[in-house]
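Colleague: I am new to this one. Please take me through its salt bridges, with reasons.

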Amino acid sequence: SDELAERVQRLEDRLEIQQLFVDYGQHLDAGDFDAYADLFADDGEVFLGPLGRAKGRDEIKALMTATLAGQQGNTFHLITSPIVAIDGDTATSTVMWTVIGRDAVGAPVLTMLGHHRDVLTRSAVGWRFQQRKGFIDIPARYPAAQP
């Protein structure tokens, strides 16, 4: 039935969007900035407060490479508490992130906690970030992302 097809589509959309959040953290941690940039729409934008901002996959890859190259294995992103509102081929979301690092003896240390506010779009290859704004909630000494 049409109703069943719509329900299945909503579930598939939600699962694909949640996987997008997970892939975001995994690609950052692995230093795979090509795969990271591919999570964004062609004209996607990222606003990461003190880290900078970028538009388009090439700029996004360059920003993350300049900021995080050589950090592989030093950070572990935990992506939690997704809130997603889907409206046809677009969606908005808020998701929390926690970054775990290593101290001098290799023990885990919580280094930052924050959230992302997203605008998502359905593309020919699936859901992608149209706009992702990052906010650092702890420690509070970092400025918030500016639009």
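Modeller: First, the term. A salt bridge is a side-chain nitrogen of Lys or Arg within 4 Å of a carboxyl oxygen of Asp or Glu. This is a predicted model. A search of the whole structure turns up five salt bridges.

Colleague: Why is the contact of Arg-57 and Asp-42 called a salt bridge?

Modeller: Their N to O distance is 2.6 Å. The cut-off is 4 Å, so the pair qualifies. Arg-57 lies in helix H3 and Asp-42 in strand S1, so the bridge ties together parts 15 residues apart in sequence.

Colleague: What makes Asp-42 exposed?

Modeller: Its relative accessible area is 61%. Exposed means over 50%, so Asp-42 counts as exposed. Arg-57 has 26% and is partly exposed.

Colleague: How do you know that Arg-132 and Asp-118 form a salt bridge?

Modeller: The closest N and O atoms are 2.6 Å apart. That is within 4 Å, so the term applies. Arg-132 sits in strand S6 and Asp-118 in strand S5, so the pair links parts 14 residues apart in sequence.

Colleague: Why is Arg-132 called buried?

Modeller: Its relative accessibility is 1%. Buried means under 20%, so Arg-132 counts as buried. Asp-118, at 4%, is buried too.

Colleague: Which residues do salt bridges with shared partners join into one network?

Modeller: Asp-13, Asp-89 and Arg-122. Within it, the side chains of Arg-122 and Asp-89 meet at 2.6 Å, N to O.

Colleague: What makes Asp-89 partly exposed?

Modeller: Its relative accessibility is 46%. That falls between 20% and 50%, so Asp-89 is partly exposed.

Terms used:
Residues numbered from 1 in each chain as written. Predicted model: local features only at pLDDT ≥ 70, side-chain atom pairs only at ≥ 80, totals over all residues. Heavy atoms only, no water. Helix = DSSP H or I, 4+ residues; strand = E, 2+ residues; numbered from the N terminus. Buried < 20%, exposed > 50% of the residue type's maximum accessible area, 1.4 Å probe, protein only.
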